Amino acid sequence: MNSFKRTKTIVSWTVFAIALIVYYFSAERTGSLWDCGEFILGAYKLQVVHPPGASLFVLVGRLFTWVAELVSNDPSDIAFAVNLMSGVCTAFAAFFITRITMLFSNNMMNGDESSNEHNNLTIGFAGLVAGLATAFCSSIWFSAVEGEVYAMSTMFTALTFWTATKWYFLPDTRQSDRWLLLCIYCGALSIGVHLLSLLTFPAIGLLFYFKKYKKRNIVGILLSILAGTGVIVFIQKFVIVGIPTLWKNLELGLVNGIGLPFHSGLVLTLLLVAVLIYALLLFAHRLNNYALQFTTMAALMCLIGFSTVGVVVIRANADTPINMNVPSDAMRLLPYLNREQYGERPLLFGPHFDARPKEMDEENRYGRVGDKYEVVDRRLSYKYAAKDKMIFPRVGHSDPGRPELHRQWYEAINGKKMKGKPKMGYNLQFMFHYQIGWMYIRYFMWNFSGRQNGSQGYKPWDLKSGHWLTGFKPLDEARLYNMDEMTDTMKAHRGTNRYYMLPFLFGLIGLFFMALKRPKEFSVLFVLFLITGVGIIMYSNQPPNEPRERDYVLVGSFMTYCIWIGMSVVAIASMLKDKLGSQRMLPGVIAGCLVLIAPLLMGFQNYDDHSRKDHYASRDYASNFLNSVEPNAIIFTYGDNDTYPLWYAQEVENIRRDVRVVNLSLIAVDWYINKLRSKVNDSAPLKLTLNEDDYRGNKRNQVFFYNPRTPDDTELMQPTNIFDEFKFIGHESNEQKGQTISRSRNLFIPIDQNKAIKAGLIAPTDTVAVDKINVRFSKGKSFLQKDELAVLDVIISNMYDRPIYFAVTCKNDKLLGLNDYMSLEGLALRLKAVKTPSDKQLSIFGSGAVDTEKVYNNVMNKWAWGNFDKKETFIDDSYAAELQAMKLIMMRTANKLLQERKIEEANALSQKYFEAFPHFNFPYDNTVIPFIENMVLANNKEEAKKHLLILAEETRQNLAFYESLDDDDFKSSFQNDFGYEVRAVSEIIDLAKEIGDKALETEIKAMLDEYNLMQRMKG
């Protein structure tokens, strides 16, 4: 190792190889939860994913899926290929961080002098540590094993900053400036993945200032950061938004004004941009103006990088099965790129959560109608009174449920309830306590100190989950709870990671050493650290109770800290150098081996909860939904995790392609409703009573219940045939004061008995069939929303042709009061022309009847369990909804089987439950009691004893832990759990008595008698 270049090559590629091997053995072998299924199918078939798209990700992903098809016939390997692409990208991110660390370390150790062998050893260790810390960083590793955009975004962030760092340490020549152009091009390319890498430009602006200007001052530093921020603004406003806006404006004039065909504006837009770039380059050449030439080339690189968005428009026009928002022209592309459907959160000046809008602004939205563009919708934005606004609003989250959560936070922070409107004091408190303290510092410490468990943490005063650890008991107990009485399940939790603060402490050493040794370069990294960390927190303005943890967006900040962890090798070696005298290589070896403990500890601690090698649950649970329904069925789904995995299963793994999945979160918009009219895979087009124009744009966003014949509700409550009312709703003359109306809110679906029997809406054995299905709305409801209208349209237009189901993971109110007309057949409720009173205690799971024969067959013969029934592994909380659904369905069905005197089937289903949800992955709680009771009733007492003993011991340990807590910890976090456990004690003891085994009864009483509430009451 006598050459810095050779050292850099060996170490960086070593890091890449180690990272890739680890990711290969920990990558999920099939689709994952959340958006992964959508991105994988998008890459596989070049389909259009949700806004703002991921055009480059999709294009590169297609290459990986193509290789997968060449080497394997297993469709799940298509997903594995995309997941592995994330691993390759993250390994390259670690590779670039290694090189960045070595460049900065070389600058600290050698300055402008040539390197030497002894320093190279220390620098090599620094790069090795930084690269491995990056690779094994918890938040980074999470994205490295799934097919999502964040891994590729992490790579582009590292790549963009590495090219700038390399340029910075090269001689100040025009030849070297090519690296800066490459840096800008890489940042622009990342637009087709995610915008996170653009946040490197303020730090790059500092690098530019330090290299190009010899005289420096604080004003210059601030201006350079501002210039870097200006690059972000230029890319976002003039490239990402500016080019499509120009296309839109030209398109309107050419198509509507001159009568040219659609997309004519695109041709003129490209010509104008090309002419402008050419003119600027020609002008710069004639003036011999290098700055203008360089700036123009940089702008050209931005445009070329952005050009990958063209794949979105091309594939949208191809109308792929998944074509989110259908961004097929300039009118639809601009809102797509702006992510308008997700709304905006004001950053500098805006309303608080209790503010009420005083008026609305309207902006026209155009769409294709015939051979022209017409106004089909209006984008509405609320305007608020100045007195209801505040500077830098952190508490403007007014969506349902969030104001109440803000009041909880206020009370937790201040010890009293909020009175009146939120003030600036609470605004800043929320920012520091929640957005920075909980959503950044907590994530930061997860990655560099340790993690309590893998459960999501919503509130810091709930000590049960989501916190960070140090690994040192006194420190952790001071922040959390008594750890002496932790249960075996808590101690063995795979989501618990303890790094003993070593990565954090080594990072601090490297940070302070660099600040003292090289303050210029330190300021660059510090700006990068802040902007990719706290800067993102400020920009995203996160509300309380996000649906999932958001640490994956902060990895730029964590990567930067990993550079400082690596630099601690240089710091410690420098401190040891004077003490070890002539042993010139020893300081680097000692320092390197010492600090290397940190990333190795991170790697070994994180592997058990980051490896998804044996996980198949997302795919299997999706197939359970699809296999719960009859051929050619329609199934309504609601959330990401009961929709994207189903799309993936159909599009990639060819599972039940005959089923039409209809997402209730999307069906409120015209483009999605129109997509239902198309054939998708093996699913025929859906019929709809209302035509395309009836749903266009903002038409029928609301259909008001109003009957002009009577001023009161007499006519409005008259039972009305829904088919007749839909004809009226769709009639062109139906308008009252500019609004579409429904003359009745008491609608019913008439049933043709012969058609219903033929369609399976009524079984020949049904004795309680109905002649109409009543549609019931919640009290006080004054209008139908477009999504509800469309759902009813799908039902009445297809009910005699195709079985119609609702996924049991839907919100209960999405059933539109049809609960009593449902029949549980698995993970889906089928609409039937049979009325059965629902069990309202079970919410949607208790809807209507239970078809025990179908559920039993589906569970026992068709459902798969994701390998969670066989492999001991870490199971993320994101599976909670699907897991709960399967458990409740099995419980309800087993109880129904007992009512039907089908004892053996109830016993078999109960046994299946324990096989599917073994204790080593799903710790027992009181919800398993009904299954044990079923076994006792079926005289399967030996099996019941086994599970009862496990439950009793788990309950005993939980109660002992709760009783060891001080009052404050108990009341804030565990009081409800304690109540559930105490109520379970008497049931467990009673079950032991029913089994009739005296030894078992004595053993369980010895465990639990002191906690037996009934025994205490008798005493």
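Ala, Val, Leu, Ile, Met, Phe, Trp, Tyr, Cys and Pro count here as nonpolar, Asp, Glu, Lys and Arg as charged, and the others, Gly among them, as polar. On that basis, the lining of the second largest pocket divides into 18 nonpolar, six polar and two charged residues. The model is predicted.

This second largest pocket has a volume of about 690 Å³. Its lining counts 26 residues, and the closest to the pocket centre are Leu 180, Ile 184, Phe 208, Val 231 and Phe 294. Four helices each supply at least two lining residues: H8 (177-189), H9 (201-212), H10 (218-240) and H13 (290-306). H10 gives the largest share, with eight residues.

## Cavities

How many cavities of 30 Å³ or more does a search of the whole structure find? The search finds nine. The largest cavity holds about 230 Å³ of space. It is lined by 18 residues, and Pro 321, Ile 322, Trp 647, Val 661 and Val 680 are the closest to its centre.

By class, the lining of the largest cavity has 10 nonpolar, four polar and four charged residues.

## Helices H11 and H12

Helix H11 (residues 242-258) packs on helix H12 (residues 264-287) at an angle of about 130°. Their axes lie 8 Å apart. Angles over 145 degrees would count as roughly antiparallel and 65 to 115 as roughly perpendicular, so the angle of this pair falls in the oblique class. H11 is therefore oblique to H12. The crossing of the two helices is right-handed.

H11 brings Ile 243, Leu 246, Trp 247, Leu 250, Glu 251 and Leu 254 to the contact. H12 meets them with Ser 264, Gly 265, Leu 266, Leu 268, Thr 269, Leu 272 and Val 273. The contact of H11 with H12 has nine nonpolar, three polar and one charged residues.

## Helices H34 and H35

The crossing of H34 and H35 is left-handed.

On the H34 side, the contact is made by Ile 929, Ile 932, Met 935 and Val 936. On the H35 side, Lys 941, Glu 943, Ala 944, His 947, Leu 948 and Leu 951 take part. By class, the contact of H34 with H35 has seven nonpolar, one polar and two charged residues.

## Backbone features in two loops

Which two residues does a cis peptide bond join? The bond joins Pro 51 and Pro 52, with omega about 0°. Pro 52 sits in the loop between helix H2 (36-45) and helix H3 (55-71).

Arg 339 is not a glycine, yet its phi is positive, at about 55°. This residue lies in the loop between helix H15 (330-337) and strand E1 (349-351).

Definitions and conventions. Residues numbered from 1 in each chain as written. Predicted model: local features only at pLDDT ≥ 70, side-chain atom pairs only at ≥ 80, totals over all residues. Heavy atoms only, no water. Left-handed = near helix turned anticlockwise from the far one by under 90°. Contact = heavy atoms within 4.5 Å. 1 Å grid on protein atoms, 1.4 Å probe; cavity = no way out; pocket = protein on both sides within 12 Å on 5 of 7 lines; lining within 4 Å. Points joined across faces, edges and corners; volume = space filled by probe spheres on them. Axes fitted to C-alpha atoms, helices over the stretch in contact; angles between N-to-C directions. Parallel < 35°, antiparallel > 145°, perpendicular 65-115°, else oblique.
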